[in-house]
Amino acid sequence: MLVFKFGGASVKDAAGVTNLANVVKQYTDQQLLIVVSAMGKTTNALEKLTKAYMDQADDMHDIFNEIKEYHYNILAGLFEPGHPVFDEVANTFVEIDWAIEDEPHDSYDFVYDQIVSIGELVSTRIVNAYLNKEGLKSKWLDVRGYVHTDNTYREGIVEWDKTKTSIINDIPALLEKGIIVTQGFLGGTSENFTTTLGREGSDYTASIFAACLGAESVTAWKDVPGILNADPRYFADTVKFDELSYTEAIEMTYYGASVIHPKTIKPLQNAKIPLLVKPFTDPSAAGTVIKEDGHNQFTKPVIILKQNQVLLSVSGKDYSFITEDHLSDVFRLFAQNNVKVNVMQTSALSFSVCFDLNEQRFEKLLNGLKQDFKVKYNEGLMLITVRHDGVNTIKELTEGKTILLEQISRNTIQVVVK
Ligand SMILES: Nc1ncnc2c1ncn2[C@@H]1O[C@H](COP(=O)(O)OP(=O)(O)O)[C@@H](O)[C@H]1O
Ligand SMILES: N[C@@H](CC(=O)OP(=O)(O)O)C(=O)O
């Protein structure tokens with residue numbers, strides 16, 4: 001059996017959904033499980049809605065109406081009026097109406113997951129209905145009953161044993177009957193609350209299903225020809241990798257290559273399942289194959305840019321040396337607030353850490369750190385990572401910029417710049 005993952009870009013409009021169905025039609029001789037993300041930039045819009053609701057902002061209903069409007073336009077491009085999918089989508093949106101009628105709950109991350117998850121619940125309703133309309137036998141599956149997580153909202157940790165048991169118990173028999181369409185990015189807790197797996201986590205969902213089912217391969221259908229040496233949004237002369245090893249792919253995604261979610265590769269590597277990254281605009285193209293013996297050929301350095309970084313330095317209030325005790329206090333606060341470190345550096349009197357900005361978590365982290373340390377920080381920075389022979393590339397990329405932190409290892413150069 002095959003696992004397909006279609007991301008937001010592939011289903012951003014009615015033409016995208018039609019294209020998805022055309023791709024799927026080429027694989028009707030195979031058992032298929034299809035993981036779908038929210039349409040276009042819906043997750044960003046739902047994040048905005050969550051913030052507006054938590055702040056009880058005046059534009060809360062306008063933001064929500066825009067999200068509904070966007071989906072109803074796509075529906076209108078795909079179905080005749082009166083098709084049952086209109087009601088299915090409306091009923092799914094009603095869950096947000098109910099949620100935002102009440103006073104905001106204390107936990108931002110909990111509310112976030114209950115609201116933001118609607119993006120995938122709606123997109124999969126639309127895709128599933130369209131596949132059926134096109135004569136492809138498919139079934140909508142609520143992923144929250146299969147991908148079980150703990151209750152770390154916005155970053156659900158998958159409970160693998162329980163997840164594997166649920167998937168193996170039901171999915172093979174369902175696949176015998178037809179295609180399965182399910183939501184990426186979502187999980188469910190033991191109390192039946194919705195969690196999300198971290199932004200762009202739908203790739204990870206595909207890998208979870210593939211690993212549990214022993215799939216032949218996973219294909220992530222993207223708006224790029226495959227994995228390139230750099231993000232084509234920022235660099236003109238990119239080259240595509242025909243093959244990559246799991247290890248190189250893990251390193252690239254760990255440093256922030258946003259084409260694949262960082263948690264995706266490991267389960268596939270453990271189960272020896274190849275990951276294909278292919279363009280949804282040209283389904284017969286080879287794309288990139290990530291596999292155990294994937295041959296890494298670096299004709300150009302790999303470049304990874306991470307925007308919206310914070311560089312924070314802590315030092316003792318009494319100018320004392322930074323000791324292991326201090327570091328353990330600092331790391332405890334990072335772990336408690338779910339802030340992941342991208343780069344760190346220690347000197348005698350201070351400890352510097354670079355991480356992605358998440359406003360709510362950052363505020364809590366700062367409050368904690370300020371109890372015991374002097375804290376300085378810069379926001380709005382960029383982390384540049386260059387791998388494989390990147391000395392000249394890093395020089396070019398940092399020209400005219402202020403370097404605030406630099407770290408060099410055998411294969412990798414990282415700089416934080418303003
Ligand atoms: N090294 C890279 N190779 C290819 N694409 C990359 C790379 N780094 C970043 N990207 C970006 O990743 C995007 C595709 O990933 P993503 O947007 O997460 O896809 P989707 O959400 O549709 O699954 C591309 O449009 C591209 O801008
Ligand atoms: N919709 C979620 C999950 C996801 O993976 O999306 P995409 O496949 O479009 O990156 C997000 O935007 O974070």
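I started just after helix H11, where Asn-338 takes a positive phi of about 55 degrees. I am looking at a predicted model, in which local features need pLDDT of at least 70, side-chain atom pairs count only at pLDDT 80 or more, and totals for chains, interfaces and linings use all residues. Residues are numbered from 1 along each chain as its sequence is written, while chains are lettered from A and ligands numbered from 1 in the order in which they are written.

Next I looked up H11 itself, which runs over residues 324-336. Helices here are DSSP runs of H or I with at least four residues, and strands are E runs of at least two, numbered from the N terminus.

Then I turned to Gly-8, which I found in the loop between strand E1 (2-6) and helix H1 (14-25). Gly-8 is buried because 24 other C-beta atoms lie within 10 Å (buried means 20 or more, exposed 12 or fewer, partly exposed in between, with C-beta atoms placed from the backbone). Gly-8 also belongs to the shell around ligand 2, along with Gly-7, Ser-37 and Ala-38 among others (a residue is near a molecule if its C-beta atom, placed from the backbone, lies within 6 Å of it).

Which residues does the UniProt annotation "binding site" cover? I noted that this unreviewed entry lists Lys-5, Phe-6, Gly-7, Gly-8 and Arg-233; such annotations may be inferred rather than shown by experiment.

My last stop was Arg-233, in the loop between strand E7 (217-222) and strand E8 (243-245). Arg-233 is exposed, because 9 other C-beta atoms lie within 10 Å.

Technical notes:
The expected span of a helix is 1.5 Å times one less than its number of residues.
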